[in-house]
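My entries follow the model shown here.

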Amino acid sequence: MDYDKAKEDDIELIRKDFPVTKKKIYMNCGSFAPTPLSTIKSITDFLVRCSEEGPDSTSVQEYITSLMNELRKILGRLINCEPEEIIFTQSTTEGLNHVASGIEWKKSDTIISRGGLHEHYANYFPWLNLSKKYGIKLEETKIDKNGFFDLDKIEKIAKNKNSRLITLSHVLYNNGAIMPVEEVGKIARKHGLLYSIDAAQSVGTIKVDVKKIGCDFLAFPGFKWLCGPPGIGVFYCKKESAPQLTPKYIGGESAIITEEKKLVYTDSPQKFQTGFRNYVGIAGLTSSLKYIQHVGIETIRKMNMKIANEMIEQLGTIPGVLMFGPEDEKLRSSIVSFGTDSVLPKVIVSRLEENGIIVAERDIVGGGKKKAVRASPHFFNTLDEVSTLVQNIKNIQNMFG
Ligand SMILES: Cc1ncc(COP(=O)(O)O)c(C=O)c1O
């Protein structure tokens, strides 16, 4: 589907697949996106099949294996990796913790991070924890008001013989800024450092290519921009980097006892996947990914940016409204963050919710020092919904400002 040529009918068809659009203006996909009806049906079909055939029958187990293989292939095409480099997790946080807890750290190691508290806590606390627990140095580079940093500064730290890993968010959760992940990847490779990416806010809304980024690890959820069900996430672990991680858990499937009575891990991805997985989530995410791929990531990007650009333009004309994040469209996602000089973000968020508009309040300066209203629209939102949101902001300002 090409959005530029798409008729309004196409949008209407998409909206029919997302029942929330009948009742509310939902712009909180950076937190938790709704699933399309086809995904709900796939989940139901999966559970009905388990119930009718017996969940641990050979036929259902074969079906589950084929579902996992299919999902790995789809995800491999989505982020440009091999299917066996895909590990199913619960969430982004779990994937990032595979890295933080899996590496055999030395006290002298340095981890390079961007702006500390300006990162989502999921991509800050695991590293901070290492520094507190083991005395590992966490180098937090300075950032500008939009979260960008000096690449030369990163390179200067990367050159240090103790530097071990660089961690970075692909898209910032609070202002939608797209980080220079490929440039940092070049620095990581040049100096032989491991490179871990938090892709919670990028996969499903912009193109993500792990080979171009040059990362060893990348984690994302199924339930944000991919519109999958909750409780399913993905951890990409480059084949060559997998031996550097020791799994936090061990049990059935992830290890074997050899004839010499040695306990050894199986190969990745099984190495990181002990016990039964969230098969319901796997069935649902497979269906959601088919939906997302049918629309197409490039089309989704165009649709989302049309909504975001309109919102930025309209909000920018309201006196007292402050916009956050980069102005250049190439440097931002469809996350739109703003505040006003007279009404607290949390008041705006709850007032909007009373009027059927769902957005979120997030830190725009780390550590809760400054908050913003964050709208994260997706491809099922419309320009009319943007106008309604903007009118509501004006009304709230008149009422409370
Ligand atoms: C950038 C970023 N990283 C990590 C997370 C945590 O995601 P999850 O719930 O999948 O662990 C979020 C959630 O909003 C996020 O925005």
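**Entry 1: the sheet**

I found an open sheet of seven strands with mixed pairing, in the order E2-E8-E7-E6-E5-E3-E4. The model is predicted: local features need pLDDT of at least 70, side-chain atom pairs count only at pLDDT 80 or more, and totals for chains, interfaces and linings use all residues. Residues are numbered from 1 along each chain as its sequence is written. Strands (E, at least two residues) and helices (H or I, at least four) are DSSP runs numbered from the N terminus, and two strands pair if DSSP finds at least two bridges between them.

I noted strand E2 (86–89) and strand E4 (137–141) at the edges; each has a single partner strand, so one side of each lacks a neighbour in the sheet. E2 pairs with strand E8 (residues 233–237) in the antiparallel sense over four bridges. Thr-89 stands opposite Gly-233 in E8.

**Entry 2: helix on helix**

I looked up helix H4 (residues 58–79) and helix H10 (residues 279–295), which pack at an angle of about 45° with their axes 10 Å apart. Axes are lines fitted to C-alpha atoms, for helices over the stretch in contact, and angles run from 0 to 180 degrees between N-to-C directions. H4 is therefore oblique to H10; angles under 35 degrees count as roughly parallel, over 145 as roughly antiparallel, 65 to 115 as roughly perpendicular and the rest as oblique.

**Entry 3: the ligand**

I recorded 14 residues around the ligand, the closest being Ser-91, Thr-92, Thr-93, Tyr-173 and Pro-221; a residue counts if its C-beta atom, placed from the backbone, lies within 6 Å.
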